[in-house]
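Me: I have a model open and want to go through it piece by piece. Can you take my questions as they come?

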Amino acid sequence: MLALDNPVRVRPEAREQLMDTLRANKIPDEYGLRVGIRGGGCGASWLLGFDTPGSSDEVYNVEGVRIIIDRKHLLYVLGAEIGYEPGGFTVEKV
């Protein structure tokens, strides 16, 4: 069972890559990784990117990574695992 404190999981290789990217690009501390979905139905795709939280967002600290999730997307992203492979980030819904 997932606790709402950790709605998503960040694998170690993804955490390392995210932290390196934040440092290398001198991204300010108020930014975090936005996790969401784009589109809907069969055409839905994952949304990952650095952003600042807005009024409709929830902010979580998941394994040292600031995660931002719009409340409307929370149900859809619960249980997602963010990983990293050569070529980019991956998201798997478990």
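The chat below covers a sheet, a helix, some salt bridges and a few single residues.

Me: Before we start, what kind of model is this?
Reply: This is a predicted model.

Me: OK. Which strands make up the open sheet, and in what order?
Reply: Three strands form the open sheet, ordered β1-β6-β7, with mixed pairing.

Me: And which strands are at the edges?
Reply: β1 (8-10) and β7 (88-93) are the edge strands, each pairing on one side only. From one strand to the next, the twist averages 25°.

Me: How many bridges join β6 to β7, and are the two parallel or antiparallel?
Reply: Strand β6, residues 80-85, is joined to β7 by six bridges, and the two run antiparallel. Within β7, E92 is the residue that stands opposite E81.

Me: What lies across that sheet?
Reply: Helix α1, residues 12-24, lies across β1, β6 and β7. The helix runs at about 70° to β6.

Me: Back to E92. Which residue does E92 form a salt bridge with?
Reply: E92 forms a salt bridge with R11, and the closest N and O atoms are 3.4 Å apart. This pair links distant parts of the chain, since E92 is in strand β7 and R11 is in the loop between β1 and α1, 81 residues apart.

Me: Is R11 buried or exposed?
Reply: R11 counts as buried because its relative accessibility is 16%, and the cut-off for buried is under 20%. E92 has 38% relative accessibility, so E92 counts as partly exposed.

Me: How many salt bridges does the structure hold?
Reply: The structure holds seven salt bridges. One of them is between R34 and D51, with the closest N and O atoms 2.7 Å apart. That pair also links distant parts of the chain: R34 sits in strand β2 and D51 in strand β3 (residues 45-51), 17 residues apart. R34 is buried at 15% relative accessibility, while D51 is partly exposed at 28%.

Me: What about R71, which residue does its side chain meet in a salt bridge?
Reply: R71 meets E58, at 2.6 Å from N to O. R71 is in the loop between β5 and α2 and E58 is in strand β4, 13 residues apart. Both residues are partly exposed, R71 with a relative accessible area of 45% and E58 with 29%.

Me: Changing topic. Where does H73 lie?
Reply: H73 lies in the loop between β5 (65-70) and α2 (74-77).

Me: Is H73 buried or exposed, and what does its side chain reach?
Reply: H73 counts as buried because its relative accessibility is 19%, against a cut-off of under 20%. The H73 side chain reaches the backbone nitrogen of I37 at 3.1 Å. Leaving out residues up to four places away in sequence, H73 touches G36 and I37.

Me: Last topic, backbone angles. What is phi of K26?
Reply: Phi of K26 is near 50°, a positive value in a residue other than glycine. K26 is found in the loop between α1 and β2 (32-38) and is exposed, with a relative accessible area of 72%.

Me: And what about E63, where is that residue found?
Reply: E63 is found in the loop between β4 (57-62) and β5. E63 has a positive phi of about 55°, although it is not a glycine. At 42% relative accessibility, E63 counts as partly exposed.

Methods. Residues are numbered from 1 along each chain as its sequence is written. This is a predicted model: local features need pLDDT of at least 70, side-chain atom pairs count only at pLDDT 80 or more; totals for chains, interfaces and linings use all residues. Side-chain values use heavy atoms; hydrogens and water are left out. Helices (H or I, at least four residues) and strands (E, at least two) are DSSP runs, numbered from the N terminus. Buried means under 20% relative accessible area, exposed over 50%, partly exposed in between (1.4 Å probe, protein chains only). A polar contact is a pair of N or O atoms within 3.5 Å; within protein, one must be able to donate a hydrogen and the other to accept it, and residues adjacent in sequence count only if both atoms are side-chain atoms. Contact means heavy atoms within 4.5 Å. Two strands pair if DSSP finds at least two bridges between them. Axes are lines fitted to C-alpha atoms, for helices over the stretch in contact, and angles run from 0 to 180 degrees between N-to-C directions. A salt bridge is a side-chain nitrogen of Lys or Arg within 4 Å of a carboxyl oxygen of Asp or Glu.
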